[in-house]
Amino acid sequence: MDPTLLTQYVLAGLVIGGIYCLMAVGITFIYSVMKMINWAMGEFYMIGGYVQYVLITAWLGPQRWALALPLAVLTVAALGMLVQRLLLQPMFAGQLERLDEYATIVTISLTVLFRNLAVVLFGPYQFSPRDYAPPVQLGPLPINGSRVVAFLGAAVLLGLFALVVRRTWLGLALRSVAQNRLGALAAGINLSRIDMLAFGIGVGLAGAAGALLAPVFLVYPESGALSTVKGFEIIVIGGLGSLPGSIVGGFLLGLVESLGSVLISPSFRDVYGFGLLLLLLALRPTGLWGEQAREA
Amino acid sequence: MKAAMGRGGVAALTVAMALALGVATSVGWAAPAPVTLGVLTPLSPPGDTSAGQLIVRGAELGVQYINTAMGGLFGGKNGCTLPATPVRLAVEDSSGVPERAVAGFRRLVTEDHAVGVFGAFHSSAMLAAAPLADEFMVPYISTQASAADITRKHFAAVFRTHPIDPDRAATWLGFIQAQGWHRVAMLAENTDYGIGLVEATKALIAQKKMNVALDAVIFDRTSSDLTPQLLKFKAARPDLLINVGVGTPAYLIIKQAHDIGLFPQTPMLGSYDFPVRAEYWKNLGPTGVYLTFISYYHPRMALSPLGKWAAVEYAKRYHDTAIYSNLNAFGDAVILAEAMSQACSRDPRKVIAALERGRFDTWIGGGATFPRADGVLWHQWSPPLVILQYTQAEQTYDQAPILYPPSMKTGTYQAPR
């Protein structure tokens, strides 16, 4: 194969992989802190896209997309915190049995609700804001400006996220809750507030991915469905609960999809990720960065 | 005793009145129950929901035409002595998904008692529901689903008023020859529609021994990033890229081909008329300029009186210009109504027989027939196809020049400067 072409495929895979990371980190983060899987993650991605589109087209104008971006992220994060407070908090407060099943039912119901709300509010049409930036030549690969913005935006957001988690009191509290909820409670940390913040931050990352990718993949009621699947693939590849694993998993998935679809067949693009997932589970059941655990 | 007889008399009178009312109803003194026409079309994702909305509008207009301009069904027309009967519409959402289409078709027939069904857009959904049409023997017309198997499988109750894969393949291969192009790339989604078009194009090239090298790639319809395939095409430098995506994938192919510098430097042909919709320019902006695309209607094409009525009334009712999806759904409603009138019956079996032997007015003229012909031509009537090109941003499709066929040509292919 032509080395230039191969480089193009690798670069294309890395760019898309970097964007996948945002979604996966959000899912992993919520899982780490709240010990629940948010199946509606893709819908928060979709809402982020819609909020960004509405802000740009109806209020701020296409030139101020960068101003719209934090507003979209904050809106999604606020919605997430509201959802957590109204629908998820009771399951912790009431100490219900089978918390996982409760969370699964609530978040899957939310996917249906949000998708149908999108159809009611915006109709079943596709929308796309104007590109955020002109095309960029990355080595031999011409890349859409919005993809570059999305990739860089993802890197900045992940950096900020790492900074908050590693260097702030909030991050310390989040990490302690992730390590041991009872221990954190005994140390005086308000678990319900931390849960709400963690959920808001996690879905905010998904909302950021949706807002960043709005001009790239279009915005429509089901635009989040595939993102959720990819996010879960990545966190299993990287190791459930591992943030570095999510990042490496995102890049790996992007590369495997890109190379598989040109070297084998694009008809099975989504199968390659699952192939990688099965292979890793067979060789290393905990994922790349996952740790073995035992429950009493 | 006297009082008892009085109560008996009242009871007898009541029974007599009830009987009289029943007889009166049965001989037609009351208005007859409306006949239901069913529309099964994608109204929610992952189907092409814009198409579904347009089809429903066309169907609503068809019902308006039947109930007003035609004066309802029967009522003395074609020597039919049945009383004039209004038509109502029942709409079901297929989502473009086979299992939902099957459930929707079943509901239309068993709950709404639809005498005929139309509105299909996605071939996979249409093909899934087609066996049910045969099981219930209820006529099912494909409004915009074009996979060859829909008619090639010779379902007794399935009909089509939309171009088939060979029509489309013949049109773009004719265009390719007229342009003097030889290397053609085709990016097709993994649906009955996409795969059917790849096969039809390959078959026609082989059959006519055309000097065209076709590089066809089939992609997963749920993929959102097609950059690797498009990079591969870019390296091969084709003369034309045929975009066989439906709905979101069609837009993604244009955007991503533009991002990597493949389009418009390499001409692209859209496999159906999605660019005539309002959202085309909203989604693509200047990126959408220079796209060529198949269209089933252009205002320069002469409309029949039926088509003219539809175009005028559509503009009045929806404050928009009618496009093919509206007109063909409208036409399907009228064809079913005409078949019922010709059969002088609302019995679906008799309507199927009438469709097979009759000739029906269409929006484009020429008269549609649905013969029991061989192969894919079974129960098939195709409207004409044209290839248009957008030559400037925000252009409306009625301003777009017709590039093909030569008999209707109003312009030549414009490459970017």
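**Strands, helix and domains in chain B**

Modeller: L37(B) stands opposite L89(B) in strand 2 of chain B. The model is a predicted one.

Biologist: What makes strand 1 and strand 2 of chain B a pair?

Modeller: Two strands pair if DSSP finds at least two bridges between them. Seven bridges join strand 1 (residues 35-41) to strand 2 of chain B, so the two count as paired. They run parallel.

Biologist: In what order do the five strands of the open sheet in chain B lie?

Modeller: The order is 2-1-3-4-5, with parallel pairing. Direction ignored, neighbouring strands of this sheet are turned by 25° against each other on average.

Biologist: Why are strand 2 (87-93) and strand 5 called edge strands of this sheet in chain B?

Modeller: Each of them pairs on one side only, and a pair needs at least two bridges.

Biologist: Which strands does helix 12 of chain B lie across?

Modeller: Helix 12 of chain B lies across strand 1, strand 2, strand 3 and strand 4 (140-142). Its direction is at about 150° to strand 3 of chain B.

Biologist: Which residues of helix 13 (residues 348-357) of chain B are buried, and what makes a residue buried?

Modeller: A residue is buried if 20 or more other C-beta atoms lie within 10 Å of its own. In helix 13 of chain B, P348(B), V351(B), I352(B), A354(B) and L355(B) are buried, so each of the five reaches that count.

Biologist: How do you know on which side of helix 13 of chain B they lie?

Modeller: They cover an arc of only 165° around the axis, and therefore lie on the same side of the helix. What covers the buried residues of helix 13 of chain B includes strand 3 (114-118), strand 5 (158-160) and helix 12 (324-343).

Biologist: How many domains does the assignment give chain B, and where are they?

Modeller: Domain 1 takes 35-163 + 301-377, and domain 2 takes 166-295 + 385-408. The C-alpha centres of domain 1 and domain 2 of chain B lie 28 Å apart.

Biologist: How do you know that the domains touch, and which residues do so?

Modeller: Residues are in contact if their C-beta atoms lie within 7 Å. The contact takes 13 residues from domain 1 and 16 residues from domain 2 of chain B. Helix 4 (residues 123-136) of chain B gives the most to the domain 1 side, with three residues. By class, that side has seven nonpolar, four polar and two charged residues.

Definitions and conventions:
Residues are numbered from 1 along each chain as its sequence is written. Chains are lettered from A and ligands numbered from 1 in the order in which they are written. This is a predicted model: local features need pLDDT of at least 70, side-chain atom pairs count only at pLDDT 80 or more; totals for chains, interfaces and linings use all residues. Domain bounds come from an automatic or database domain assignment. Two residues are in contact if their C-beta atoms, placed from the backbone, lie within 7 Å. Helices (H or I, at least four residues) and strands (E, at least two) are DSSP runs, numbered from the N terminus. Ala, Val, Leu, Ile, Met, Phe, Trp, Tyr, Cys and Pro count as nonpolar, Asp, Glu, Lys and Arg as charged, and the others, Gly among them, as polar. A residue is buried if 20 or more other C-beta atoms lie within 10 Å of its own, exposed if 12 or fewer, and partly exposed in between; C-beta atoms are placed from the backbone. The arc is that of the directions from the helix axis to the C-beta atoms. Axes are lines fitted to C-alpha atoms, for helices over the stretch in contact, and angles run from 0 to 180 degrees between N-to-C directions.
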